[in-house]
Amino acid sequence: MESRSASFAERLQSRCMVAVVLVGVARLALAAGADLEPVALVFDGPDDAYYYFQIAWNLSRGLGSTFDGVHPTSGYQPLWCVLLTVLARLSPSREALLHAAAWAAAALHVGAGVGLAETSRRFLA
């Protein structure tokens, strides 16, 4: 009886992992196909994202840690801002940065989901 419940638990964990990965892949597909017009993002995206985008854009162009190009700022999460700064440096335009940031966020969501599923699998085993 014990082996039967163990195999059920293993199958359940395996199916949960597959579900997490499928949801993540669907999120990536939605990000890839999304209409990321800057005007649409003003209404759909969180307003703090635009502060990050502007600071990252300025950092990537050598203007320093500033939102307006005049006053210095440090009011951001450094790791996310470093990632956005790298993406901004590689992006030819601000719109390209929006697309790259959406892809990066989707990939991080997938990674977090897989990590969470793996952690819970280890603790539930």
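## Basis of the model

Because the model is predicted, local features need a pLDDT of at least 70 and side-chain atom pairs count only at pLDDT 80 or more, while totals for chains, interfaces and linings use all residues. Residues are numbered from 1 along each chain as its sequence is written, and side-chain values use heavy atoms, with hydrogens and water left out.

## The chain as a whole

The chain has five helices and zero strands, where helices (H or I, at least four residues) and strands (E, at least two) are DSSP runs numbered from the N terminus. Read along the sequence, this gives the pattern α-α-α-α-α.

Of the 125 residues, 26% count as buried; here buried means under 20% relative accessible area, exposed means over 50%, and partly exposed lies in between, with a 1.4 Å probe and protein chains only. Among the contacts (heavy atoms within 4.5 Å) with a separation of 6 or more, 63% come from residues 24 or more positions apart.

## How H4 and H5 pack

Two packed helices are described by the angle between their axes and the distance between the axes. For helix H4 (residues 78–90) and helix H5 (residues 94–124), the axes come within 9 Å and cross at roughly 135°; axes are lines fitted to C-alpha atoms, for helices over the stretch in contact, and angles run from 0 to 180 degrees between N-to-C directions. H4 and H5 are therefore oblique to each other, since angles under 35 degrees count as roughly parallel, over 145 as roughly antiparallel, 65 to 115 as roughly perpendicular, and the rest as oblique.

On the H4 side, Trp80, Leu83, Leu84, Leu87 and Ala88 meet Leu97, Ala100, Ala101, Ala104, Ala105 and Leu108 of H5. The residues of this contact divide into 11 nonpolar, no polar and no charged, on a scheme in which Ala, Val, Leu, Ile, Met, Phe, Trp, Tyr, Cys and Pro count as nonpolar, Asp, Glu, Lys and Arg as charged, and the others, Gly among them, as polar.

Ser60 belongs to helix H3 (residues 47–60), and its relative accessibility of 7% is why Ser60 counts as buried. A polar atom of the Ser60 side chain lies 2.8 Å from the backbone oxygen of Trp57, and a polar contact of 2.9 Å joins the side chains of Ser60 and Arg61. A polar contact is a pair of N or O atoms within 3.5 Å; within protein, one must be able to donate a hydrogen and the other to accept it, and residues adjacent in sequence count only if both atoms are side-chain atoms. Not counting residues up to four places away in sequence, Ser60 touches Thr85, Ala88 and Arg89.

Thr66 sits in the loop between H3 and H4 and, at 4% relative accessibility, counts as buried. The Thr66 side chain reaches the backbone nitrogen of Val70 at 3.4 Å. Leaving out residues up to four places away in sequence, Thr66 touches Gln54, Ile55, Asn58, His71, Pro72 and Thr73.

Val114 lies in helix H5 and, at 28% relative accessibility, counts as partly exposed. Apart from neighbours within four places in sequence, Val114 is in contact with Met17, Val20 and Val21, and the C-alpha atoms of Val114 and Val18, 96 residues apart along the chain, are separated by 9.1 Å.

Ser120 also lies in helix H5 and is partly exposed, with a relative accessible area of 32%. Although Ser120 and Gln13 are 107 residues apart in sequence, they are 8.6 Å apart in space, C-alpha to C-alpha.
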